[in-house]
Amino acid sequence: MSKEDILNKLADAVLRGRMADAKAGAQEALDNGVPALEAINEGLVKGMGIVGDNYAAHKMFLPQVLMSAHTMYAGLDILLPAIPKADAAAMKKAIVAVVEGDVHDIGKNIVKTMLTASGFETIDLGKDIPPADICANAEKEGAAVVAISTLMTPTMEGMKAVVEGLKESGYRSSVKVCIGGPPTSPAFAEEIGADHRDINAQDCVNWLKEQKVI
Amino acid sequence: MVKPMTHMERGLAALADEPVDRLCNYPLAMGVNRRLLPGSPTYREWANDPKLFAASFIEGQKYFDFDFAIGLMDLSVMAADLGAHVRMDAENTPFVDGHIIHGPEDYEKLAEKGVPDIHKGRCGVLLEGTKLFAEKLKGEVITAGFIEGPLLALSQTASAERMFMDMFESPSAVHKALELTSEMDSQLVSEFAKCGVNGLCWDYLWASYSCLGDDQYEEFEGQYALKLNKQVQEEGMAVCIHSCADLPHLDYQINTYKPAIFSMGYYPLIPGSKSPTEIIDEGYTKNTLFAGVIDPQLFVRGSVEKITGVTKDLCQEVKTALCKNNQKSRWVISSNCEVPPDLETKLDNISAVVNTAKEYGAF
């Protein structure tokens, strides 16, 4: 199988949500000497990019997007360990989390997928995460982006606490803070000192591109 | 100029698109009303005591002077009774933190368990509380119960992400569980009818183009909801829908369910989200009374001046669009979603919306 065939297989597997094909394609890439980073970027990520565009255009919907995301991760599980350390170290890091008091994470998971598909090493802290943990991890990991979300009004203050915690630790100027979730707004982002309020995952990625973080 | 109307007269006229003295108002203030009760019970106390639940709607009506009363508690009522674990903090909207579906086989296990006794548990509190406030407010305002759609109830039980993936990989298993949540909904519909409410308001959260396509929505909720909506009408209640998600499946829901009332949100930053003017211009209000679209966060973070201005602008926009389309009254000045039931929500902002709608919604 040619390199082009393998890369197309990986992209197609993600596009169609075929996990077994992604795993097989990833292994074939390694077995045939395709650099892991190239297999990720020109295969898995290319497929996820099409999924993201189709989702934004309402040509694909959440069930397919989630299947594609999990398919991409299945391929990444095989390819990421094969990336040379120097290349891996060069990847920018993004922290994603749902703030403390909330467990609704479907939006956060889509953002995680799109950030990963944009070349970030994405560290998912999960849901119901205290602000101090988000701040500590951002600094420890040297994150370029902190993307936090919530669905519920009472937990919005946790977002403010994250921004303030980053200021206190002196790390705020090193990181872009994006917030998202139905109760948030651009005005709220401005009020708490976040850099951007994401309408959706694509908007998050597009804004980071505009800011040349990606 | 139309002579002053009672709440009931105004609501019924708006449903029929007949002339009204002013636009109806109903900022979706539910849980927040508990703060008007003696001792200001916590959210947890309110959601567990049918008398407190009912009293809050009655007190809210006295204090704010709304045109409707719709008995929303929260969106984890059915999931709790189906066995999911609900985290209920003292002053936060409860949410599921322990799902019971972890694989395709669990949908069948759920279906085999059958419908729980809806007279007990959280459903029991909701039904009893709804009955109490509906009895008290009968004839004063249009009342409605509030019920979770079958797909929403299942997603709360299974986790949305799990369920969406299983819709893709194991659709037959998901359908088995949906038959169960639909049966539970059917039993709830019959019990709500006995509560004496005028209508029943469904939450079809996933009927959104940010979540599902038309075919998926019809397969996984539409076919069940259509039967349930017929049952609602047969049992003497008006079908109402609350759809706070962005980009709702408007055409499907309006044309298929034929709701009397449709409450929705408007998100100007989201491409394709329809403003009140677009909703009215595009004919959605020809047969349905629409409600919206004040940002709920304004009740927490906005000033009285700010929310007054927003309400004034909304009244003007709606009246202009109705007039342009030769319609009389089919819009309720309302919020995109529930007024946050938080302690930080400003009660004065709710009053400001009501009072502004009275003044600037007048014809």
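How many residues does the contact take from chain A and from chain B? The contact takes 31 residues from chain A and 26 from chain B, where contact means heavy atoms within 4.5 Å. The model shown is predicted, with local features needing pLDDT of at least 70, side-chain atom pairs counting only at pLDDT 80 or more, and totals for chains, interfaces and linings using all residues. Residues are numbered from 1 along each chain as its sequence is written, chains are lettered from A and ligands numbered from 1 in the order in which they are written, and side-chain values use heavy atoms, leaving out hydrogens and water.

**View 1. The interface of chain A and chain B.** The size of an interface is often given as the accessible area lost when the parts come together. Between chain A and chain B about 2,500 Å² is buried, and carbon and sulfur atoms give 64% of this area (accessible area, 1.4 Å probe, that two parts lose on being put together, summed over both). A:F61, A:P63 and A:M67 supply 21% of the area that chain A buries against chain B, more than any other three residues.

**View 2. Salt bridges.** A salt bridge is a side-chain nitrogen of Lys or Arg within 4 Å of a carboxyl oxygen of Asp or Glu. By this rule there are 25 salt bridges over all chains, and three are found across the interface of chain A and chain B. B:R87 forms a salt bridge with A:D128, with the closest N and O atoms 3.0 Å apart.

**View 3. Helix 9 and helix 10 of chain B.** Helices (H or I, at least four residues) and strands (E, at least two) are DSSP runs, numbered from the N terminus. The axes of helix 9 (residues 171-194) and helix 10 (residues 214-234) of chain B come within 10 Å and cross at roughly 20°; axes are lines fitted to C-alpha atoms, for helices over the stretch in contact, and angles run from 0 to 180 degrees between N-to-C directions. Helix 9 of chain B is therefore roughly parallel to helix 10 of chain B (angles under 35 degrees). Among the residues that meet are B:L178 of helix 9 and B:F220 of helix 10.

View 4. Most residues other than glycine have a negative phi, and most peptide bonds are trans. A cis peptide bond, with omega about 0°, joins B:G292 and B:V293. B:V293 lies in strand 9 (residues 289-294) of chain B.

Technical notes:
Parallel < 35°, antiparallel > 145°, perpendicular 65-115°, else oblique.
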